[in-house]
Amino acid sequence: MSEIIPFSNKAINTDSLPSVAELVTEPMNEKYRPVNLGTIVVFSAIFITIMSLTRFQMLFELPKELINAYPYALAIVLTITTLLLAYTFFADPKKRFALRENDIHYESGLFFRKIVSQPILRIQHVELKRGPIERLFDLASLQVFSAGGSMHTFEIPGLAHEQAVAMRKFILAHKDTLSHG
């Protein structure tokens with residue numbers, strides 16, 4: 001016969017809880033921010049080049065409205081590029097993570113801070129994501145999927161590929177240890 005455990009739901013004094021500031025977190029790989037900034041510059045340069053080649057091509061005549069809109073479109077693209085570069089420059093260092101024996105923690109956001117902690121026991125699976133630019137610079141993103149969710153709970157970008165593989169292996173091995181122990 002199984003023993004019946006009485007239900008308990010005691011109040012916790014939040015003043016006695018550990019501070020989030022005490023959590024030791026790690027920054028993204030040092031290549032992460034320069035790669036992000038470089039990607040923005042390259043894609044903006046490609047877009048401006050295509051706009052300029054279209055504007056100054058000699059194969060056919062463009063409508064006058066399109067020709068007159070070119071400087072405004074160029075100014076808009078340069079403004080958006082500048083804003084993206086500034087945001088990325090200041091936001092990327094705010095992205096930090098911590099892998100602990102029982103949970104994984106990720107924080108991000110420049111204006112709106114987001115802090116996510118996922119117990120390892122509740123992790124359904126973990127995926128590595130690597131696009132062509134990430135592969136070129138030996139980076140990876142770690143996607144964490146929680147039990148019961150179809151979308152990833154959160155993603156930790158800008159990890160060294162080897163570090164992301166090791167973290168994935170640890171989470172998967174430790175998840176099994178926690179569930180059986």
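The dialogue below takes up helix packing, aromatic pairs and strands in turn.

Q: What kind of model is this?
A: This is a predicted model.

Q: How is a pair of packed helices described, and at what angle do the axes of H1 and H2 cross?
A: In general, two packed helices are described by the angle between their axes and the distance between the axes. Here helix H1 covers residues 32-56 and helix H2 covers residues 64-91. Their axes come within 10 Å and cross at roughly 180°. An angle over 145 degrees counts as roughly antiparallel, so H1 is roughly antiparallel to H2.

Q: Which residues of H1 and H2 meet?
A: On the H1 side they include Arg33, Leu37, Ile40, Val41, Ser44, Phe47, Ile48, Met51 and Phe56. On the H2 side they include Ile67, Tyr70, Leu74, Val77, Leu78, Leu84, Leu85 and Phe89. By residue type, the contact of H1 with H2 divides into 16 nonpolar, five polar and two charged residues.

Q: How many aromatic pairs are there in the whole structure?
A: A search of the whole structure finds four. In one of them, the ring centres of Phe56 and Tyr70 are 5.5 Å apart and the ring planes stand at 80°. Planes over 60 degrees apart count as edge-to-face, so that is the label for the pair of Phe56 and Tyr70. This pair links distant parts of the chain, with Phe56 in helix H1 and Tyr70 in helix H2, 14 residues apart.

Q: Is Tyr70 buried or exposed?
A: Tyr70 has 14% relative accessibility. Buried means under 20%, so Tyr70 counts as buried.

Q: How do the rings of Phe89 and Phe90 stand to each other?
A: Their centres are 5.1 Å apart and their planes are at 90°, so this pair is edge-to-face. Phe89 is partly exposed, with a relative accessible area of 38%. Phe90, at 49% relative accessibility, also counts as partly exposed.

Q: What is the strand order in the open sheet of three strands?
A: The order is S5-S6-S7, with antiparallel pairing. S5 and S7 are the edge strands with a single partner each, so one side of each is left without a neighbour in the sheet. From one strand to the next, the twist averages 20°.

Q: How many bridges join S6 to S5, and how many join S6 to S7?
A: Six bridges join strand S5 (residues 123-129) to S6. Within that pairing, Glu127 stands opposite Gln143, and Lys129 stands opposite Ser141. Five bridges join S6 to strand S7 (residues 154-160), where Val144 stands opposite Phe154.

Q: Where do the side chains of a strand point, and are the faces of S6 buried or exposed?
A: In a regular strand the side chains alternate between the two faces of the sheet. In S6, Leu139, Ser141, Gln143 and Phe145 lie on one side, with Ala140, Leu142, Val144 and Ser146 on the other, and all are buried. Eight of the eight residues of S6 (residues 139-146) are buried, so this strand is largely enclosed by the rest of the structure.

Q: Which residues does Leu128 touch?
A: Leu128 lies in strand S5. Leaving aside residues up to four places away in sequence, Leu128 touches Ser141, Leu142, His161, Ala164, Val165 and Arg168. With a relative accessible area of 30%, Leu128 is partly exposed. From C-alpha to C-alpha, Leu128 and Gln143 are 6.2 Å apart in space, and they are 15 residues apart in sequence.

Key:
Residues are numbered from 1 along each chain as its sequence is written. This is a predicted model: local features need pLDDT of at least 70, side-chain atom pairs count only at pLDDT 80 or more; totals for chains, interfaces and linings use all residues. Side-chain values use heavy atoms; hydrogens and water are left out. Axes are lines fitted to C-alpha atoms, for helices over the stretch in contact, and angles run from 0 to 180 degrees between N-to-C directions. Helices (H or I, at least four residues) and strands (E, at least two) are DSSP runs, numbered from the N terminus. Angles under 35 degrees count as roughly parallel, over 145 as roughly antiparallel, 65 to 115 as roughly perpendicular and the rest as oblique. Contact means heavy atoms within 4.5 Å. Ala, Val, Leu, Ile, Met, Phe, Trp, Tyr, Cys and Pro count as nonpolar, Asp, Glu, Lys and Arg as charged, and the others, Gly among them, as polar. Buried means under 20% relative accessible area, exposed over 50%, partly exposed in between (1.4 Å probe, protein chains only). Two strands pair if DSSP finds at least two bridges between them. Rings of Phe, Tyr and Trp (its six-membered ring) pair if their centres lie within 6.5 Å; planes under 30 degrees apart count as stacked, over 60 as edge-to-face and the rest as tilted.
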